[in-house]
Number of protein chains: 2
Amino acid sequence: MKITIKDIAEISGVSTTTVSQILNNKGQRFSEETKRRVMKAVEENDYNPDYFAKNMINRESKTVGMIVPDVTDLFFSKVIEGVEAYLTKKDYMILLCNSNHSNEMEKNYIKQLLNRSVAGVILASPNAMELETSLKSSPYILIDRGINTRVEGNLLVKEYEGSYESVQYLIDAGHKKIGMLTNESGYYEMTDRYRAYVQCLKDNKLIYHGEYIEDGPVTIEGGYEAAKRLLERTDITALCCGNDQMAIGTYRAAYELGLKIPEDLSVIGFDDLEISSYLNPPLTTVAQPAFEIGYTAATYLFQSINSPEQKIPNRTFETEFIVRGSTTTVDKKK
Amino acid sequence: MKITIKDIAEISGVSTTTVSQILNNKGQRFSEETKRRVMKAVEENDYNPDYFAKNMINRESKTVGMIVPDVTDLFFSKVIEGVEAYLTKKDYMILLCNSNHSNEMEKNYIKQLLNRSVAGVILASPNAMELETSLKSSPYILIDRGINTRVEGNLLVKEYEGSYESVQYLIDAGHKKIGMLTNESGYYEMTDRYRAYVQCLKDNKLIYHGEYIEDGPVTIEGGYEAAKRLLERTDITALCCGNDQMAIGTYRAAYELGLKIPEDLSVIGFDDLEISSYLNPPLTTVAQPAFEIGYTAATYLFQSINSPEQKIPNRTFETEFIVRGSTTTVDKKK
DNA sequence: CTGAAAGCGCTTACAG
DNA sequence: CTGAAAGCGCTTACAG
């Protein structure tokens, strides 16, 4: 049988009140001698207050729910790492939920998490939600690319600026036929990245070609399929991929079609995954700080849990354009 | 204020006993009319029994702890996905812990998890542990490559056979100077893979060269560094990498040293990550079923939780040798 | 067919 | 300086 506070009280010859107070650092009033006796009994019996009994009173579950679209996604796993790194320092633990990009799953998970009285939730989601109804009763942070409008707790990335910079770079390098891999299917509408692409072409007086755009899932395979369709159809000399994973897929598509990167096709990603600098050739990409995003989300959530009256700050993360070997200037090429 | 069973009882004009019994499907004895009234009150008020109060009695936390060395590792994130996929069907949730390969962190996490009365734990670890003391009080499954000897619940992979097959393949292709990237530094001693390498050379009457072996962390960067050292030092024509991530690092090292894969160097990995078939060239590797391993671990753990008296089965997973573009026969080469 | 009462393992006013 | 007692929100023998 598990050892209880009663046992400790008996062993040290005091009341449960005394044990409880001492254990919760409210025991100033007790004599040193008593404290010592109690602590000794606690140590020796490896006593730990029952988590459930304690929580029934304190309501401090020290648990945070985290929902991500895909744990195996290299971007999100890095975000998780950031969240974990912060929360573990605070003795919090994470209930991890894999939503498989499904809005319905997300709702289920939120319900379950709230049932378990989590202290807060971090929701990484591509979906717009009726947050009022589902999450209202708990502190939360959204990692959602700004899809849901709020006044506080917005964690944003300069997607537009980052994307714009990459397109401008290609144009400056002489590219005129620039394609884009995007995702419009409800999820991950990379609207900002796409808008930046359109605007940048316009600012440079280049014509926008609808057929230079291709749509697909934001995965390696999705990128592969989309790039294949796009590259078979057009003679673009450069391609902005929705993210690094799609860029990896693009490498394969190009290879199969006999296109050399960067000689025949310049490729740019978005994210800067660890793997990206190891690709062959190393991927030129727009870096966003995944770990830091997670870490910040956790920090803000923690603050919000402990000072609910305080507003959660907004924060916009900078991107960094990193030129590596997958892009080149266009010269003899048409 | 949160709504309690008392409120529901009051609203439907019965006792809390009645509400509790009906909600827990022990309400056969109550009249249909009563049941209906209670259920209606429950629905209308969106009542959910308090998680902590309920658990204080039932001790069914429906929560499993999962500890992995690195959430961003592509192999482990796939294992997590498998675990999650099974447990979510059973209405269980996962407390995820990232141990950063540290044995000390693992122990801390185990303690914390047990404090929270998890129903069980899945520990993916490269470390040998004094399991008796730390985990004894809870059902658990180890994903540890068989480092800790147990009579039941061993989830093993045919590492030896898989590795042997890959080395034999290289030898059959004419390679004589075959290197290996391994990890001996306490973690992930890939002993089986290494042993298979040694034995296979021997069986084929090839001399074992100590300088053909290099050691490093099981990451992309680790593989890069190790491969660089090894390739600068020797003139091997083929390299067995400890895992796919190390193989990815090897690609970069080879590239920087001006070695073409597979013309100058055949490369073989271990894992078959999703990304591996998209590398340039696609990676020849020994596939192991990461998702299935996780899924099976969760299945066994669940069984063990619900039938503690039953023995947990052992299971050995097959590997599959997948030939892709990173290997070739050695011909004109010396 | 139904409910009063005890109990799970804690914490916290309150009294001394 | 210390402890008896009430209470958190449930479940479950037990009595009727």
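The model is predicted, so local features need pLDDT of at least 70 and side-chain atom pairs count only at pLDDT 80 or more, while totals for chains, interfaces and linings use all residues. Residues are numbered from 1 along each chain as its sequence is written, chains are lettered from A and ligands numbered from 1 in the order in which they are written, and side-chain values use heavy atoms, with hydrogens and water left out.

Start where the chains meet. The size of an interface is often given as the accessible area lost when the parts come together. For chain A and chain B that buried area is about 4900 Å², with 59% of it on carbon and sulfur atoms. Buried area is the accessible area, taken with a 1.4 Å probe, that two parts lose on being put together, summed over both. On the chain A side, A:Phe52, A:Met93 and A:Tyr278 lose the most area to chain B, together 17% of what that side buries.

Polar links also cross the contact. There are 19 residue pairs in polar contact between chain A and chain B, both residues at pLDDT 80 or more. A polar contact is a pair of N or O atoms within 3.5 Å; within protein, one must be able to donate a hydrogen and the other to accept it, and residues adjacent in sequence count only if both atoms are side-chain atoms.

Next come the salt bridges. Side chains of opposite charge can pair when their charged atoms come close. The rule asks for a side-chain nitrogen of Lys or Arg within 4 Å of a carboxyl oxygen of Asp or Glu. Two salt bridges join chain A and chain B. In a salt bridge, B:Arg59 meets A:Asp50 at 2.8 Å, N to O. Over all chains the count is 34. Within chain A, A:Lys177 and A:Asp235 pair at 2.9 Å, N to O. A:Lys177 lies in the loop between α8 (159–172) and β6 (178–182) and A:Asp235 in the loop between α10 and β8 (238–240), so the pair ties together parts that are 58 residues apart in sequence.

Now the largest pocket. It holds about 1400 Å³ of space. A pocket is an open set of points on a 1 Å grid over the protein atoms alone, where a 1.4 Å probe fits, with protein on both sides within 12 Å along at least five of seven lines; lining residues have an atom within 4 Å of a point. Of its 43 lining residues, A:Leu114, A:Asn115, A:Ser117, B:Lys2 and B:Asp50 are the closest to its centre. The largest share of the lining, six residues, comes from α4(B).

Finally, look at the backbone. Most residues other than glycine have a negative phi, and most peptide bonds are trans. The bond from A:Asn280 to A:Pro281 is cis, with omega near 0°. B:Ser117 has a positive phi of about 55°.

Methods. Grid points are joined across faces, edges and corners, and a volume is the space filled by probe spheres set on the points. Helices (H or I, at least four residues) and strands (E, at least two) are DSSP runs, numbered from the N terminus.
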